[in-house]
Amino acid sequence: MIQETLITTVNAQGMPHIAPMGVLVQNDYTIILPFKPNLTLNNIIASQSAVINYCDDVRIFAGCLTNRRDWPLSPAEKLNGYFLTDTLAHSELILEKIEDDPIRPKLFCKTIHTVNHKPFLGFNRAQYSVLEAAILISRLNRLPWNKVKKELEYLRIGLEKTAGPREMLAWDWLMELVEQHKKISGGRDD
């Protein structure tokens, strides 16, 4: 099963980095699958650790893609790192092994500590729409524009029916990124 999470890592100087990333849960491992090149990948290799944040605030997912990365952090409890202060739960992981790949290596991590901070009250359709839009937008250079455009139009339906202020703000940030991409790519509509 792939879980959409926010990963916090630190570099060699202890500076934190937040990135949205799907992780695969398989047997006793949490497998992180970053595309190369990737700051999260570099940080995990350097520190041999990561923190997985289970969060329902879709602004953070959208914010990371739109260079809004200034979210409150708290120190991890069992390793040198941080978790998102507003996360529902977090798991602290240590890197056990790497299966290298020229495009997308697999980082096999073991959980050494998990904390539940507050209850998960469920997602609404707008949160799902923002999360799926964030995933699409993170792949703008890999997917055909028509596919992205059609999927965003469909996702907008659920957003408009169920969004609160957080979801609308996150969606607006993502749509700003789409507009920037269209300008850079010459406004293609193919």
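**Fold and helix packing**

Residues 24 or more positions apart account for 65% of the contacts (heavy atoms within 4.5 Å) in the protein chain with a separation of 6 or more. This is a predicted model, in which local features need pLDDT of at least 70 and side-chain atom pairs count only at pLDDT 80 or more, while totals for chains, interfaces and linings use all residues. Residues are numbered from 1 along each chain as its sequence is written, and side-chain values use heavy atoms, with hydrogens and water left out.

Q: What makes up the secondary structure of the protein chain?
A: The protein chain has five helices and eight strands, taken as DSSP runs numbered from the N terminus (helices H or I, at least four residues; strands E, at least two). From the N terminus on, their order is β-β-β-α-β-α-β-β-β-β-α-α-α.

Q: Why is α2 called roughly parallel to α5?
A: The axes of α2 (residues 58-65) and α5 (residues 165-184) come within 8 Å and cross at roughly 15 degrees. Angles run from 0 to 180 degrees between N-to-C directions, with axes fitted to C-alpha atoms over the stretch in contact. Angles under 35 degrees count as roughly parallel, so α2 and α5 qualify.

Q: What makes the contact of α2 with α5, by class?
A: The contact has eight nonpolar, one polar and three charged residues. Among its members are A62 and G63 of α2 and W173 of α5; Ala and Trp count as nonpolar, and Gly as polar.

Q: Why are α4 and α5 called roughly antiparallel?
A: Helix α4 (residues 145-162) packs against α5 at an angle of about 160 degrees, with the axes 13 Å apart. Angles over 145 degrees count as roughly antiparallel, and the pair therefore meets that term.

Q: Which residues make the contact of α4 with α5?
A: W145, L152, L155, R156 and L159 of α4 meet E167, M168, W171, M175, V178 and K182 of α5. By class, these are eight nonpolar, no polar and three charged residues.

Methods: Angles under 35 degrees count as roughly parallel, over 145 as roughly antiparallel, 65 to 115 as roughly perpendicular and the rest as oblique.
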